Amino acid sequence: MTTQTVEYIRYRIPETQSAEFLAAFTRAAAQLAAAPQCVDYELARSEEDFEHYILRITWTSTEDHIDGFRKSDLFPDFLAETRPYAANTDEARHYKPTSVRGTGASVPSLYDWAGGADAFARLTDVFYAKVVEDDLLGPLFADLPAEHAGHVALWIGEVFGGPAGYSEQQGGHGHMVAKHVGKNITEPQRRRWVELIQDAADEAGLPTDAEFRSAFCAYVEWGTRLAVYFSGPDAARPAEQPVPRWNWGAAPPYQG
């Protein structure tokens, strides 16, 4: 589980001071933005009672906040802006995330947006039909098991937010990594893999909108570069870990 911690600071600011309060925290935010211990931050204002504000700061850890940021050269300027409002503070506490987390249905998963299990089965069927005939990649897959395309479809589907089929039937990330050990995949082979799976996505009818393809290509780049690393002679095997979960990244789905 992540070691990140979330600090919540609740303020009660009279309406007459709201403008100067927001201006002060806008200036203070520059120090947070420059702090390597700060993951992200947000100041929110109550819709029901305009006097109530909550400042949420995600720190890399509580220790990094207390022993890092507060002892850094950034903290004096941050404190100078925020100290005048200390008396208006109702709460200032650190919170650790729990296992109760998830997303709602307002933004579909990449898995659902792509078309579910059938879409990824089509993708891998088309892709591996291309791979075995390719002069550059064919030798890597000379003894390709018949079930390989189905396993990869389960993997990609789970990565993109679908059922945990790969984890339940095959294992976690370490199991996938093990498939690449000793393969000595070259950069030209990686690039051909990227090219062919994008062609396969077109032929298999996966969505072509910019947002989905951006996320799809980002995963393909990430995954193939890891495959090259773990296929090399000096790669250190990772500790056992779950299948990664990919999301939309910087551009959520366009739902007009």
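Me: What does the accessible surface of the protein chain come to, and how much of it belongs to carbon and sulfur atoms?
Reply: In this predicted model, the accessible surface of the protein chain comes to about 14400 Å², and carbon and sulfur atoms account for 53% of that area.

Me: And what share of the residues is buried?
Reply: Of the 256 residues in the protein chain, 38% are buried, where buried stands for a relative accessible area under 20%.

Me: OK, which secondary structure elements are there, and in what order?
Reply: The protein chain holds 10 helices and 4 strands, and read from the N terminus the order is β-α-β-β-α-α-β-α-α-α-α-α-α-α. The radius of gyration is 24 Å, which is well over the 18 Å that the globule rule gives for 256 residues, so the chain is more spread out than a compact globule.

Me: What are the spans along the principal axes, then?
Reply: The C-alpha trace of the protein chain spans about 70 × 45 × 30 Å along those axes.

Me: Switching to the strands: which way do β1 and β3 pair, parallel or antiparallel?
Reply: Strand β1, residues 5-12, pairs with strand β3, residues 52-59, in the antiparallel sense, and the pairing extends over 8 bridges. Within this pairing, Ile9 stands opposite Leu55 in β3.

Me: What about β2, how many bridges join it to β3?
Reply: Strand β2, residues 38-45, is joined to β3 by 7 bridges, and these two strands run antiparallel. A hairpin of 6 residues connects β2 to β3, and Cys38 has Trp59 of β3 standing opposite.

Me: Now helix α10. What span should its residues give, and what is the end-to-end distance?
Reply: Helix α10 has 22 residues, 210-231, which at 1.5 Å a residue should span 32 Å, and its end C-alpha atoms lie 31 Å apart, which agrees.

Me: Which of its residues are buried?
Reply: The buried residues of α10 are Phe212, Arg213, Ala215, Phe216, Tyr219, Val220, Thr224, Ala227, Phe230 and Ser231. They cover an arc of only 160° around the axis, which puts them on the same side of α10.

Me: Why would residues a few places apart end up pointing the same way?
Reply: An α-helix has 3.6 residues a turn, so residues three or four places apart point the same way.

Me: And what covers that buried set?
Reply: The cover over the buried residues of α10 includes α4 (110-114), α5 (117-131), α6 (148-159), α8 (173-178) and α9 (187-203).

Methods. Residues are numbered from 1 along each chain as its sequence is written. This is a predicted model: local features need pLDDT of at least 70, side-chain atom pairs count only at pLDDT 80 or more; totals for chains, interfaces and linings use all residues. Side-chain values use heavy atoms; hydrogens and water are left out. The expected span of a helix is 1.5 Å times one less than its number of residues. Buried means under 20% relative accessible area, exposed over 50%, partly exposed in between (1.4 Å probe, protein chains only). The arc is that of the directions from the helix axis to the C-beta atoms. Contact means heavy atoms within 4.5 Å. The radius of gyration is taken over C-alpha atoms; the globule rule is 2.2 Å times the number of residues to the power 0.38. Accessible areas come from the Shrake-Rupley method with a 1.4 Å probe; for residues, only the protein chains shown count as cover. Two strands pair if DSSP finds at least two bridges between them.
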